[in-house]
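Dear colleague,

Please find below a structure that I am handing over to you.

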Amino acid sequence: MDLGSDTRAPDQHPEPSQQGGIDMHQKASSPPARHILSRAMLDTLFDTELRVRRANETHLGYPYNLGIVPRVPTSLGAYLINNLGDPYAGSHYAAEVCALEREAIAWLSQVWGGADMDLYAGSIGASGTEGNIWGLYLGREALPTAILLHGADAHYSIPKAARIQRIDSRMLRSTPQGEIDLDDLAFVLDDLGGRPVILALTCGTTMKGAHDDIAGAIRVLDAAGYGPDRRYIHLDGALNAMVVPFLSAAPAAIRPDFGLGIDSISTSGHKMIGTPMPCGALICRRTHLDRISRAIAYLRSNDTTLMGSRNGHAVLAIWTRLMAHGVAGYTQDALRCTLRAEDMAAALRDVGVDVLLNPHSLTVVFPEPPEDIQMTYQLPCHMGLAHAIIMPSVTDSLIERFLTDYIRWFRLSGRAQ
Ligand SMILES: Cc1ncc(COP(=O)(O)O)c(C=O)c1O
């Protein structure tokens with residue numbers, strides 16, 4: 001365990017009676033507590049690291065990229081780094097990394113259709129969920145009477161954002177593969193009597209890894225008379241907005257590309273990007289931020305983000321990964337992971353398992369296995385289905401181990417033909 005420079009070896013620690021906790025009877029003049037950890041605390045932290053490392057070794061169910069290299073130098077962990085306020089204005093607080101935040105956002109904008117940074121802007125936030133809440137808020141402010149339309153397979157943060165903000169919403173039917181059913185979209189638009197819409201689309205749905213047909217949805221909107229002045233389109237790309245752009249075979253219709261007419265795109269930092277803490281990014285048309293921006297004298301900045309204080313360490317982590325791994329690294333990851341997902345799906349199909357693997361996706365969906373397999377591999381389950389997500393950190397030996405366990409159960413359960 002990397003203990004940093006502020007700790008001593010356990011045997012150099014004072015007796016517990018000399019430290020630990022706040023002594024309420026201590027006089028104000030008492031010497032300050034020594035900045036060292038007790039043996040008990042070190043043991044707890046050591047056990048925690050061991051538990052986390054073991055959990056990582058068999059993790060297959062969530063879209064987390066656990067092979068986090070290169071990392072931000074640990075010495076930066078000693079500082080409070082806070083990107084207060086607007087990333088494009090900075091603030092009075094000088095220990096910030098807004099320039100790196102802007103660079104990371106510009107990098108993502110290039111990947112999402114080469115958006116012109118005079119017309120688009122963004123920020124690094126707490127998670128993909130925050131990006132969804134903020135994206136839908138920007139939509140609500142653009143079109144205050146709009147109704148939110150989202151697919152049945154949208155992440156739960158989308159209807160949650162609607163509940164938090166009391167935005168009316170309506171769920172659209174999904175295809176069996178998990179995409180929004182465009183016929184249902186046309187039907188619902190026809191039923192709305194011209195009321196403006198916020199349409200939430202997904203690039204890589206949570207359970208099935210499906211990609212909504214963005215270009216198709218825009219065609220349906222246009223055909224129903226919903227031009228850009230009566231619609232706001234948010235794309236939730238928590239996982240696959242950092243996969244699809246790197247796959248040359250992926251069709252233009254599912255690409256997270258501002259050129260298609262999308263108003264905002266969000267992604268998670270701890271998924272394909274590969275940061276060691278939950279975080280996310282949101283990019284949108286600048287006009288949407290200008291509409292809600294408020295000058296805050298106390299900060300010497302503008303209020304253009306959901307959170308006031310924002311995690312500068314997350315910015316450092318995203319920036320480090322994007323700049324070091326680069327387009328070449330993410331392209332290699334996306335190709336390698338989709339190919340390995342196809343191999344895994346083929347191995348399951350060979351023994352008769354009913355598998356869903358959407359094109360250009362890393363999410364392999366199969367019937368829910370028993371509890372012991374679910375727990376070992378940390379597999380999310382929903383309505384009788386489970387999935388594995390082939391992230392860059394998933395090793396071939398882990399896939400082999402899972403296949404052995406799953407196929408053994410599948411055969412013993414009498415499901416194999
Ligand atoms: C499609 C989709 N959107 C949003 C999220 C939420 O992202 P975060 O965990 O970064 O809040 C997830 C998480 O898995 C997701 O799959």
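This is a predicted model: local features need pLDDT of at least 70, side-chain atom pairs count only at pLDDT 80 or more; totals for chains, interfaces and linings use all residues.

Does arginine 170 count as buried, partly exposed or exposed, and why? Arginine 170 counts as partly exposed because it has 14 C-beta neighbours inside 10 Å. A residue is called buried if 20 or more other C-beta atoms lie within 10 Å of its own, exposed if 12 or fewer do, and partly exposed in between, with C-beta atoms placed from the backbone.

Residues are numbered from 1 along each chain as its sequence is written.

The chain as a whole

The protein chain has eleven helices and twelve strands; these are DSSP runs numbered from the N terminus, with helices being H or I of at least four residues and strands E of at least two. Of its 417 residues, 41% count as buried. The radius of gyration, taken over C-alpha atoms, is compared with a globule rule of 2.2 Å times the number of residues to the power 0.38. For 417 residues a compact globule would have a value near 22 Å, and the 24 Å of the protein chain agrees with this. Along its principal axes, the C-alpha trace spans about 75 × 65 × 40 Å.

The protein chain is divided into domain 1 (74-324) and domain 2 (326-412), with bounds that come from an automatic or database domain assignment. Their C-alpha centres lie 27 Å apart. The contact between them takes 16 residues from domain 1 and 16 residues from domain 2, where two residues are in contact if their C-beta atoms, placed from the backbone, lie within 7 Å.

The seven-stranded sheet

Seven strands form an open sheet with mixed pairing, in the order E1-E7-E6-E5-E4-E2-E3; two strands pair if DSSP finds at least two bridges between them. The edge strands, each pairing on one side only, are E1 (120-125) and E3 (169-172).

Strand E4 (residues 197-202) pairs in the parallel sense with strand E2 (residues 147-151) over four bridges. Within this pairing, isoleucine 147 has valine 197 as its bridge partner, and histidine 150 stands opposite alanine 200. E4 also pairs in the parallel sense with strand E5 (residues 231-236), over six bridges, and here isoleucine 198 stands opposite tyrosine 232.

E4 is mostly covered, with six of its six residues buried. Val197, Leu199 and Leu201 point one way from the strand, while Ile198, Ala200 and Thr202 point the other way.

Arginine 170, with which this message began, is found in strand E3. Leaving aside neighbours within four places in sequence, arginine 170 is in contact with Ile147, Leu149 and Val188. Arginine 170 and leucine 199 are 29 residues apart in sequence, and their C-alpha atoms are 10.0 Å apart in space.

The three-stranded sheet

A further open sheet, of three strands, has the order E10-E12-E11 and antiparallel pairing. Its edge strands are E10 (363-367) and E11 (381-382), each of which pairs on one side only. E10 and strand E12 (residues 385-389) pair in the antiparallel sense over five bridges, and proline 367 stands opposite leucine 385 in E12.

Yours sincerely
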